[in-house]
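Subject: Structure handover

Hello,

I am passing this structure on to you, and I hope you enjoy looking through it. Please open it first, and then read on for what turned up.

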Amino acid sequence: MLSIPINKFGRDFILKNQIPAIIQARLGHTLRGKAPGVARSIEQRLRDDNPVDEEVVKPVNIGFPKLRAPRSVELKERIKLEKQKRQNVELEKKATSNTLQIDLDQVRADSLKSNRQHQLVDLIHHFGIYKDLFGAAYFVPRVPLDIQFTISEDKALPVYFGNLISPTEASKPPKVQFDASTDIITGQKTNEQSFWTLIATNPDGHFSGEEKEYIHWFISNIPNGEVEKGEVIAPYIQPFPPKGLGYQRFIFILYKQNKKLDFTSYKVEKLNDLTKRTFSTHDFYKKYEADITPAGLAFFQSTWDKNITEFYHKVLGMKEPSYEYDFPKPFLRDPEWFPLRQPFNLYLDKHRDQKEVNKDYLKKVLATTHPFKGPEPPLKFPNAHPIRGVPSWLKTEIKKDRLKIGRINDY
Amino acid sequence: MRFPRIAEKIRQLTLPSTDAKYMINRNPRNLELLRIAYKPDGYHLDKPGRSFWYKLEVNPSGRYVTAQVKHFESGPVVTASTSEWAIKKQLFKTKDTSAYVNLARVLAQRCLESGLIEMRCDITPNPNSKLDKFLRTLEENGLKLSEPERFEAPRPWNRHRPEKPWEVTE
């Protein structure tokens, strides 16, 4: 035993001497999960949790290939032009004085023939067009489409790759031009007879709610790029995006035909026949896979505007539909028997049936509405009218209603 | 799943109601245009943050400049570079001030062609530098270098009801 005198403090004194070590502990900090660096990052976890079958989503190119000129030829030309530029004093002056303005139309035309085609594939993937129209297939838009909606004599709105055009601006069929005299694969001029099909389709607005499309324009057997001489299978109908549904895509696709084809089964006789206009690009392409190849693509986005109402009534002959985005309902914790520190009226309102709350407010509104004179006029100075003889919580509620704060805005 | 009962409760809240008629807009960019699409929050210590739908990036290399508009999920959506032959062909040098300015004009044109008007930009250029002129040219050509806030549906007990962006016409 230890030779420690036992005094009146006894045990305490002995224990203190027995355990002299100071235990260092960081309370309140524990590492949850694996250490950083060992644990997977959020990207890795999302990738692991949503595995994709590479075989299933493997993209299939259904478009045209393109032969490139030999690199040596291309390079020779480019070096020649670069040397010319170096000796161009005027260009140098413009560049150094920062007044050089390059020709944007020229850049557009040049780039659409070369690398921009592949940038566009990414962009079109981003707009989900290949997925919604062709499933796992894609194509490179080799033939630039020049589509212009005429607005006035000297003003036209072109369709590019997702620009916004209102239905009123797109009410008349656009002018379409494309170059049919160049061979897509070799890039050389040809005089061969060629037939083309132009389809405008909208995958975002089928009234049945299914994954179908409405066909807005269908011209087949276009000889040598002359769109006016083509066979109109479905006449042009303007976009009619319903109210509240947001922006829809209107996609023009140009197919090259191997031979003259017969599409009379798709014939739309009446302009407003929406059942006949129901379409599926996927099924259509499957059917004519051997004879048509997609060559060009352009699209715009359109949303509801004021003139659509009249179009629904007069042309489509139907009541105008109106939609609203269905937001997820708010999350609430389970109700408690004794919710501490919660204002009882607000707490109960949150957990009451929404229909009962609506009923209460409607009752309140009806009580203050005269059957002939209508509702009471709003108070000019809502805070100047004293509220007496009611509990304070009700006072606050009345004040909130007068100042149009909170639930009163919903009724 | 760690809290199956809560997960089930959340699932129930997002289920379509049985008494309504639904129409589905398949356009993946629609909700971004309506400002109700999901936008990542990122972490508050991240710098620069990750809270954007579209973001502008400028990458100068030794000889060329590349400008990209990146989407937070799809990656680069619109690209323009002075190394592209179509642009390089008309420039005197590929990295001087006039190259930057003209690249901005091309990028603005390409963005407008795809309906991309607003994007986030984390670049803080020195005044009157090449980058500064690049950004100014973008703005002159109709782009906006900031993104609107995401619209969140007001709860019934919220104080105010913010205006719905898609109901504002003009």
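This is a predicted model: local features need pLDDT of at least 70, side-chain atom pairs count only at pLDDT 80 or more; totals for chains, interfaces and linings use all residues.

One definition before anything else: angles are taken between N-to-C directions and run from 0 to 180 degrees, with axes fitted to C-alpha atoms.

Between β1(B) and β4(B) the pairing is parallel, over two bridges, and L56(B) stands opposite C121(B) in β4(B).

Which residues of α5(B) (residues 130-140) are buried? They are D132(B), F134(B), L135(B), T137(B) and L138(B). The buried residues of this helix pack against β1 (54-60), β2 (65-71), α4 (97-113) and β4 (120-121) of chain B. After α5(B) comes G142(B), with a positive phi near 100 degrees.

**α7 and its neighbour in chain A**

Within chain A, helix α7 (residues 116-126) packs with helix α6 (residues 104-113) at an angle of about 80 degrees, and their axes are 6 Å apart. That angle makes α6(A) roughly perpendicular to α7(A). On the α6(A) side the contact is made by S111(A), L112(A) and K113(A), and on the α7(A) side by R116(A), Q117(A) and L120(A). Sorted by class, the contact has two nonpolar, two polar and two charged residues.

**Strands in chain A**

Why can it be called largely enclosed by the rest of the structure? Eight of its eight residues are buried, so the strand is largely enclosed. Both faces of β7(A) are covered, with F195(A), T197(A), I199(A) and T201(A) buried on one side and W196(A), L198(A), A200(A) and N202(A) buried on the other.

β7(A) is joined to strand β8 (residues 213-223) of chain A by seven bridges, and the two run antiparallel. There, L198(A) has I219(A) as its bridge partner in β8(A). Seven bridges also join β7(A) to β10(A), again antiparallel, and T201(A) stands opposite I251(A) in β10(A).

Chain A also has an open sheet of three strands, in the order β4-β3-β6 with antiparallel pairing. Here β4 (155-159) and β6 (175-177) are the edge strands, each pairing on one side only. From one strand to the next, the twist averages 30 degrees. Strand β3 (residues 146-152) of chain A is joined to β6(A) by three bridges, and I147(A) has V176(A) as its bridge partner in β6(A).

**Aromatic pairs**

How many aromatic pairs does the structure hold over all chains? There are 34. One of them is F134(A) with Y285(A): the ring centres are 5.9 Å apart and the planes stand at 90 degrees, so the pair is edge-to-face. F134(A) lies in helix α8 (residues 129-134) of chain A and Y285(A) in helix α10 (residues 281-288) of chain A, so this pair ties together parts that are 151 residues apart in sequence. Both F134(A) and Y285(A) are buried.

Another pair is F263(A) with Y288(A), which is edge-to-face because the planes are at 70 degrees, with the centres 4.7 Å apart. F263(A) lies in the loop between β10 (248-257) and α9 (274-277) of chain A, while Y288(A) is in helix α10 of chain A, so the parts tied together are 25 residues apart in sequence. F263(A) and Y288(A) are both buried. They also belong to one aromatic cluster, together with F218(A), Y255(A), Y266(A), F279(A) and F284(A).

**One last residue**

Finally, take a look at I308(A), in helix α11 (residues 308-316) of chain A. I308(A) is buried, with a relative accessible area of 0%. Leaving out residues up to four places away in sequence, I308(A) touches P167(A), Q238(A), P239(A), F240(A), P241(A) and E320(A).

Best wishes

Note on methods. Residues are numbered from 1 along each chain as its sequence is written. Chains are lettered from A and ligands numbered from 1 in the order in which they are written. Side-chain values use heavy atoms; hydrogens and water are left out. Helices (H or I, at least four residues) and strands (E, at least two) are DSSP runs, numbered from the N terminus. Buried means under 20% relative accessible area, exposed over 50%, partly exposed in between (1.4 Å probe, protein chains only). Contact means heavy atoms within 4.5 Å. Angles under 35 degrees count as roughly parallel, over 145 as roughly antiparallel, 65 to 115 as roughly perpendicular and the rest as oblique. Ala, Val, Leu, Ile, Met, Phe, Trp, Tyr, Cys and Pro count as nonpolar, Asp, Glu, Lys and Arg as charged, and the others, Gly among them, as polar. Two strands pair if DSSP finds at least two bridges between them. Rings of Phe, Tyr and Trp (its six-membered ring) pair if their centres lie within 6.5 Å; planes under 30 degrees apart count as stacked, over 60 as edge-to-face and the rest as tilted.
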